[in-house]
Amino acid sequence: MVARELFVRCRIRNQISYSVMTEYAWLIPLLPALAFGLTLLFGRRGPGKGAYIAIGAICASLVMACALAVEWFIAGGSQANRGLYTVSVPWMPVGTGAIHTGFSIDALSVVMLLVVTVVASLVQIYSIGYMHGDPRYPRYFAYHSLFASAMLALVIANNMLLMFISWELVGLTSYLLIGFWFERPSAMRAAKKAFLVTRVGDVGFLAGMILLYIKTGSFDLFGKEGVFENLTRLDVIGPFGLPLVAIAGLLLFCGAVGKSAQFPLHVWLPDAMEGPTPVSALIHAATMVAAGVYLVARMYPVYLADASGTALQAVAYVGAFTALFAATIGLAQNDIKRILAYSTISQLGYMMASLGVFGYVAAVFHLMTHAFFKANLFLGAGSVIHGTGTQDIREMGGLRRHMPWTYWTFLISTLSLCGVPFVTAGGWSKEEILAVAWHTNRVVFAAGVFGALLTTCYMFRLVYRVFHGQPRNTQIHAHESPRVMLVPLVVLGFLAISAGYVGTPWANVFEHNLLPVLGETYLWVLEHRLEGMGHGFNAVVFAMALGAVAVGIALASLIWLKPVLNIQKLQPYFGWLARLVANKYYIDEIYQATVIRALMAACWIAFKFDYWVIDYAIVNGVGYLTRLASQLYGWFDRTVVDGLVNLIGWTTKALGNALRYLQTGVAQHYVFLTVVALVIISLAVLVGHYREEAWIPIAGFYR
Amino acid sequence: MFIGNIKLIAPALYLCAAALVVLILGVIAARKPGKGLDYQLPTQYLAPALMFPGVVYALWAVLESLIEVCYTVDVLIGYELVRVPAVALFVTRGGHAQLTADPFGALFTLVAFAGTFIVMLVSLDYFDAAQPHKAEYYSLVMFATAAASLAACASDLIAIYLSIELLSLASYVLACFVKTDRRSGEAGLKYFLYGAACSAVGLYGMSILFGVTGGHTSLSAIARGLTTPAAYSGAAWVGIVFTLVGFGFKLALVPFQFWAPDVYQGAPTPITAFLSVVSKAAGLAVLVRFLTAAVFLFPPQNFSWYWILVVLTAGSMFFGNLVAIPQRNIKRMLAYSSIAQIGYLMIGVVSAVHAFPSLERLVPRLWNLPNVIVRTRAASWYYEPWDMVGLVVYIVAYMFMNLGAFAVVAGIGTRTRSDAIDDYAGLMQRSPFLAAALTVFLISLAGVPPTAGFVGKFLIFGGAIQHAGQNHPELAVLAVLGIINSIISAYYYLNVVRLMFFAPAEDRPSLRASLALNAVVAICLVGTLGLIAAAGPVVDFASLVVSGFLD
Amino acid sequence: MNHSAYGIPISWFLTVGALLFCIGLFGMMVRRSAIGMLISIELMLNAANLNLVAFGSYLRQPTIAGQVFAIFVITLAAAEAAIGLAIIINIYRLELHIEADKITSMKL
Amino acid sequence: MDPNSWILPIITFIPLVGVVIVMFIPKEKATPIKVVSLVVSLIPLALSVWLWAAYDRGGPQFPEGVQFGVRVPWIPSLGVNFAMGVDGLSVPLVFLTALLTTLSLLYSFIIAERPKEYFWMFLLLETGMLGVFVSLDFVLFFVFWEVSLVPMYFLIGIWGGPRREYAAIKFFLYTMVGSMAMLLAILAMYFSPEVLRLAGQHTFDMIAIAKAHPYAANATIAALVFWGLFLGFAIKVPMFPFHTWLPDAHVEAPTAGSVILAGILLKMGTYGFMRVLMTMLPQTFAHYWWIIAILSLIAIVYGALVAMAQWDFKKLIAYSSVNHMGYVTLGCAVAGSGLLAGEQSKIIALNGAQMQVFSHGLLTGALFILVGIIYERAHTRMLSDFGGLGAVMPIYAGMLSFCSFGSLGLPGMTGFIAELSVLTGTYNASPLVAGLALIGIVVTAAFMLWTVQRVLLGPVNPRWQNLPDADAREIISLAPLMALALIFGIVPSHILATFNAASQAIVGILH
């Protein structure tokens with residue numbers, strides 16, 4: 001009832017009629033949720049062992065997302081009257097009011113919906129082949145449905161609470177899917193690590209969210225009472241001399257750091273590769289890890305409201321550092337999926353850096369293109385693993401001939417990842433990032449260019465090792481994957497090239513639609529920040545990007561394709577560096593030695609404290625003392641006889657020898673003790689009540 | 001001398017007569033055991049049969065005294081017309097009564113009678129039919145009860161001394177009644193020696209009090225005498241303290257408790273039960289009467305016997321509970337437990353003292369009586385809950401729970417020939433009813449709801465807290481100490497429960513309880529569990545009784 | 001102190017009473033034999049009797065209450081002695097001695 | 001008479017009738033005993049559902065008034081009444097009690113040793129617990145409070161684990177310390193002049209006392225009373241330094257005993273916080289809220305840390321209770337704080353505390369049943385002995401994972417709403433405390449996941465290759481708990497509205 005009233009009120013307030021599609025967008029996450037329930041309960045007996053239920057649901061969502069995209073991007077025309085559609089219903093009563101929940105549709109969420117549904121549906125289709133014959137096949141698709149549901153809910157949430165809930169649920173599905181093969185100790189450890197490390201970040205998200213709620217009085221993002229309209233209330237100096245809004249931004253960024261595997265919480269993502277490869281493609285490359293970027297993008301008004309810019313600087317530098325840092329590690333890995341994982345970390349760093357340097361649109365753009373080509377890379381890697389049965393690139397080689405479809409799609413996506421300009425989607429998005437960085441922050445720009453160089457190096461190293469040269473392991477008889485796996489590869493390969501054309505510098509449909517999402521106030525702030533940056537093509541940046549890619553390819557070719565440069569010669573000089581990088585800078589080991597060990601030590605100390613001090617010493621101690629006292633009393637009582645001997649002996653000395661011979665007997669001792677008590681009592685009374693006249697007045701009575 | 005309304009102490013008189021009947025018939029019957037009179041009218045059944053009307057009579061006496069206490073009578077003694085309460089008996093010149101059969105005394109009489117009735121039923125189970133000297137046994141118990149009843153009403157030093165001594169002398173004999181048992185003999189000897197010494201000390205104290213207050217033996221006269229400057233003498237205090245020794249012995253109040261463990265352990269269990277309830281009730285009544293008389297002189301703010309009592313109260317609780325912990329004999333454990341229980345009761349006594357905080361408040365009730373009509377209402381129903389209500393309710397609760405516990409102990413002791421706590425292991429399997437009942441009694445002794453013990457403790461601590469709020473912080477301290485002791489006591493009570501319930505069932509035969517034992521336990525169970533349900537009427541009744549308290 | 005018609009002050013009686021009492025108490029403590037303890041009890045009772053009688057006759061308004069009390073006490077003392085002796089005889093039957101200090105079977 | 005006024009006594013005493021019935025069944029007939037007990041326990045459950053449905057959220061709240069009130073003089077001269085009534089605070093707890101008792105009885109069908117005593121004691125326990133939540137008179141409250149203590153003592157002592165006797169006596173004595181302190185404090189409140197002035201008579205009526213604010217004028221006595229009550233409740237909760245009876249009692253208690261212990265008995269402590277401390281001594285509470293907050297904070301972090309160091313599954317869950325109850329007391333502390341600002345966030349905190357009470361009852365109860373299930377099959381609770389059960393017992397694994405995630409506060413379940421609300425309220429009062437409590441969230445997640453890992457994941461230990469999966473009885477015992485945790489987690493509006501009314505009334509006292 002209330003819900004309906006509110007619903008109606010929202011519509012009236014917006015004064016715009018929306019299509020049925022928009023109003024029913026909440027069905028998009030709901031369908032996979034239903035599929036989750038159905039698959040979990042009846043999957044084994046359902047069509048395709050449950051896979052078709054899940055795929056059907058996600059495809060339906062995909063269709064709806066496409067319809068939304070058409071409505072909002074193509075048919076929408078002028079964006080002015082289509083900034084936002086939002087609906088809230090009360091969820092938790094609080095005092096006289098309530099906390100609301102609901103969903104909103106704007107360009108950003110439409111983009112995300114599209115990305116998620118596309119990749120998710122393709123990955124699920126791919127999984128039919130990849131997971132064929134797994135004993136827990138239905139459950140796999142159930143988890144996928146749950147993930148899709150949570151991820152889609154995350155991107156259409158119009159309030160921080162629903163965002164956080166979905167955020168945690170995608171973390172849960174990530175945990176479940178990483179640990180899908182939980183019999184493998186490494187998988188179960190990786191799952192736990194992923195959940196816990198991200199949860200560390202989530203705590204920041206939670207804190208930031210609560211801070212915003214406390215100060216603005218709402219979890220809702222939009223509307224008059226919403227967070228974004230009331231950010232000025234946070235414009236007071238908080239701890240560390242920062243404005244509260246910056247604190248809030250930083251806290252939210254913590255969540256993003258965890259989810260998007262930014263330094264220093266990046267450690268979980270490489271381990272997460274223990275999960276099935278399609279899972280890595282969908283969750284740990286394309287969508288969930290990008291949720292951190294989405295979060296910052298969604299909460300961008302908070303960052304823009306921070307006049308000091310501290311939060312955004314942190315975002316920028318953490319992102320840029322991660323981009324470089326992960327790329328270097330990627331150079332020295334031998335596991336095909338781990339290389340891709342570090343690549344993901346690095347690319348997410350790009351997106352973060354982009355957000356940090358006001359490249360709002362560029363970041364989201366890169367998010368989208370990255371989702372496509374990285375999903376494709378992972379699916380390709382999955383195809384390779386499926387075909388060879390190994391993940392170690394040192395055992396591969398020459399697969400080009402055996403797996404042509406895989407090779408070509410993989411190569412296309414590699415080029416897209418490297419950011420080859422003009423022809424690939426990744427090129428457009430990465431160049432846009434660099435263009436913004438060139439304008440606002442040259443340090444980030446330099447890191448970006450150098451990162452692009454490194455990216456090209458490790459990716460081409462991967463390609464050369466896997467697909468070129470001769471097979472290194474003769475045991476492996478590679479074969480091309482089944483068609484159900486190849487179709488998604490081809491589709492994604494196509495997207496890895498074509499998706500970039502929505503955001504070319506000349507006709508940036510993407511930007512035109514996305515910028516209004518920020519709302520007038522913050523759009524103005526953003527434009528103010530980017531003042532002077534010319535729209536359109538920046539030749540310098542493109543040249544440098546192209547150079548980086550070219551140099552990278554050249555270097556990689558010279559080292560790994562045609563071994564002209566023998567890096568083994570550098571071994572004596574830079575061996576330590578190689579070891580350092582190969583061991584991922586020992587970050588895991590450092591965490592193990594510090595955080596984990598400290599935590600375990602704290603646990604142990606707390607437990608011992610509890611056991612020995614609180615329970616044993618204090619609680620049992622009181623009990624023990626009571627019993628001890630009773631023993632003493634009991635001893636006293638038992639040995640009235642013997643104790644009396646001493647007592648009498650003591651008294652005897654005081655009185656002379658007169659009472660010496662009294663030292664035996666029982667009833668007598670009782671009497672004696674009574675008399676002692678009596679004397680003490682009498683003395684106490686008399687002394688306590690002594691008065692001078694005390695002994696006189698008796699006289700009055702007597703003759 | 002004005003004899004007064006003799007029907008108020010008629011229960012005691014009836015009991016004396018009944019005791020004589022039991023003695024004579026029993027002695028005759030004992031000449032041919034199992035035949036003739038002993039077969040047709042066995043003493044062990046005759047005695048309870050005669051006791052039961054006594055209980056009813058005592059109950060009636062309570063109600064009667066509740067009515068009578070409202071009135072005064074003008075009587076001519078010598079050449080003097082004095083106005084005395086209608087419950088005063090054997091009034092001498094000056095209007096001093098030897099006995100005051102007020103509702104308070106009547107209620108303690110009722111407790112003593114009911115307790116004795118229960119003890120007789122326990123005895124029925126404890127001794128077999130061939131028990132030697134049962135006529136003497138039962139008549140002694142009845143005499144002792146009559147003495148306890150008189151002690152509860154005694155308001156004169158001579159009456160106090162005589163009734164207490166009668167009670168004691170009977171108890172000495174009863175304690176060593178099993179002539180062939182060395183422990184019983186030892187218990188009797190110790191009880192006698194210690195008791196006689198203590199009563200001699202008490203008597204000496206009384207003689208001093210008699211002297212310093214101007215040759216009066218009546219408590220009301222002593223109270224008045226103590227208001228004169230003479231009473232501020234050290235001698236008066238010595239007298240009071242010495243007298244308290246005599247009462248303290250009866251109550252087994254620390255440090256006059258030495259006899260209790262030995263006697264409780266050695267005496268036949270029904271007699272232990274008798275000593276722990278009836279004898280104590282009498283001592284308590286006397287103590288309360290004596291203290292409320294003496295309180296006029298010594299306002300508790302000063303250092304006086306009041307503080308001694310406070311210390312002894314705390315000492316009793318701690319000593320009793322702590323020493324009870326390591327005990328291995330259940331009777332001895334219950335002995336220490338009853339020392340502690342007296343501590344709780346003493347909290348009630350100590351706070352009851354404040355119910356009469358000043359002479360001004362009490363004097364109008366006693367002496368400023370209207371002198372227009374001959375029979376007139378004296379005590380108004382003055383309504384002050386908590387004051388001594390706790391004391392009265394607790395003694396009733398204590399009777400039920402402690403007698404119940406001793407009944408079970410006696411029943412088990414006769415059947416297993418052991419009083420060791422360890423032999424209670426697995427009792428739940430051997431006799432579920434007795435084990436469950438003993439659990440209830442012990443939990444009640446620990447003061448855990450929903451039992452009578454809780455109601456009693458609740459009221460006693462409540463009274464203490466009430467007065468603590470009126471600028472007597474020591475009572476709050478006592479209440480806290482009482483609470484701490486309840487917890488300590490729970491430990492050793494539960495130890496028995498633990499053995500009965502948790503210990504594995506061994507292949508020992510189940511115990512068969514006799515009808516008498518089951519009846520006793522059932523009565524006590526109903527009392528223990530029913531008191532809380534009927535707490536409303538009980539408290540109302542107790543407040544009536546207390547508000548009719550005269551001294 | 002005030003003197004009576006006979007010239008003996010009350011304090012003399014009281015002093016003798018107190019001495020008797022102390023001797024009795026002392027005897028309770030030091031006598032081993034139960035009989036001896038019984039005698040000590042009698043001494044204490046008699047100390048009280050002496051007090052009672054002395055107080056009764058030396059008061060400004062002499063009262064017979066003291067003497068009455070004393071007579072009661074004497075009666076009771078006789079009863080007490082009878083019972084005490086009976087108990088002691090019983091003990092003697094059981095233990096073959098009457099030394100109270102050696103009868104200590106119950107402890108803990 | 002108005003049937004509404006009799007519903008509470010009926011709910012409370014129906015189990016007592018069951019006790020009597022069970023007592024008359026011969027002890028050899030185990031199955032009739034079990035079935036009768038279960039059927040009897042269904043009656044209060046059904047009635048409590050009806051109660052909740054019939055309960056009016058907009059109706060009067062304690063201390064302004066109550067619903068379904070009944071009031072019969074008991075000891076009129078002392079101002080003791082047989083007074084019962086419910087408000088938003090107690091209605092869910094009555095339901096929770098009835099539900100958990102029924103499920104525990106169902107789960108206890110496997111009890112083979114001395115079933116008669118077991119089942120009647122369990123029903124007696126139910127009477128005690130229900131009575132605590134519906135009593136509106138302190139004497140009645142205290143009687144029920146203690147009545148719930150005794151059967152639990154026997155349940156632990158007779159049907160418990162190897163160290164049951166120690167655990168039972170420790171449980172009993174420890175809680176008795178608290179309840180005795182509480183008794184003294186209750187008496188002190190009874191005698192307060194404010195109550196006398198307001199009611200015209202000394203009374204144990206909780207509403208009258210709450211309205212009178214005893215010792216509002218005398219801070220010293222108020223503080224003494226406060227700490228006396230606090231001790232009683234804090235031991236029951238248990239709060240940080242008083243918690244050590246809990247692991248022992250939990251570990252040694254039979255499974256159903258642990259469920260009740262965690263599910264209901266602990267809640268009596270927090271119920272006391274909300275019903276007594278916060279309403280009757282609001283000023284004193286506001287004065288000392290920070291001490292409670294700090295102790296709660298310690299409980300949260302420390303409980304989680306200690307839980308992590310456990311190797312006994314059951315003990316781990318027991319310590320996690322310390323951690324979870326820390327949120328409840330933290331919420332109470334914040335809601336009762338003296339800060340004048342942020343009434344809304346105080347209400348949130350108290351809503352959260354109540355939600356956590358409910359949530360912990362559901363989820364930890366379920367976890368204890370899950371521990372019991374595995375213990376009965378494997379006869380060990382050592383976490384190191386397990387591993388890989390996920391493959392052997394998939395249904396069990398699913399349920400354990402579900403409850404563990406619920407317990408660590410996964411959004412979508414009740415625990416999250418509770419923790420979020422409490423933290424939100426705390427943030428307003430003290431960002432530092434809230435920040436530190438957030439550490440607890442991470443550690444809780446860590447040990448819960450680690451536990452799941454050690455039990456369910458990894459290679460299968462060949463010892464457990466043939467363990468049977470959860471059977472129908474066990475699933476039926478658990479399903480309602482999990483379903484409620486999920487439903488109220490997704491759609492919390494109904495239950496929160498019930499809580500909210502009570503919270504508004506309590507927070508409103510200070511504002």
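Which chains have the most contacts among the 5 pairs of chains that touch? In this predicted model, the pair in question is A and D, where contact means heavy atoms within 4.5 Å. Local features need pLDDT of at least 70, side-chain atom pairs count only at pLDDT 80 or more, and totals for chains, interfaces and linings use all residues; side-chain values use heavy atoms, with hydrogens and water left out. Residues are numbered from 1 along each chain as its sequence is written, and chains are lettered from A in the order in which they are written.

We can begin with the interface of chains A and D. Chain A brings 49 residues to the contact and chain D brings 61 residues. The size of an interface is often given as the accessible area lost when the parts come together. Here the buried area (accessible area, 1.4 Å probe, that two parts lose on being put together, summed over both) is about 4600 Å², and carbon and sulfur atoms give 75% of that. Between chain A and chain D there are 0 salt bridges, a salt bridge being a side-chain nitrogen of Lys or Arg within 4 Å of a carboxyl oxygen of Asp or Glu. Polar contacts link 8 residue pairs across this interface, both residues at pLDDT 80 or more; such a contact is a pair of N or O atoms within 3.5 Å, and within protein one must be able to donate a hydrogen and the other to accept it, while residues adjacent in sequence count only if both atoms are side-chain atoms.

On the side of chain A that touches chain D, at least two residues each come from β1 (85-94), β2 (97-105), α7 (160-178), α8 (185-216) and α26 (587-638). These elements are DSSP runs numbered from the N terminus: helices (H or I, at least four residues) and strands (E, at least two). The largest share, 16 residues, belongs to α8(A).

Strand β2 of chain A also holds Ser104(A). This residue is buried (under 20% relative accessible area, 1.4 Å probe, protein chains only), at 0%. Leaving aside residues up to four places away in sequence, Ser104(A) touches several residues, including Leu84(A), Ile156(A) and Phe222(A).

Elsewhere, chains C and D do not touch, and 24 Å separates their nearest C-alpha atoms. In chain B, Ala129(B) sits in the loop between α4 (103-126) and α5 (134-153). Beyond four places in sequence, Ala129(B) touches Gln44(B) and Lys134(B).

Terms used: Buried means under 20% relative accessible area, exposed over 50%, partly exposed in between (1.4 Å probe, protein chains only).
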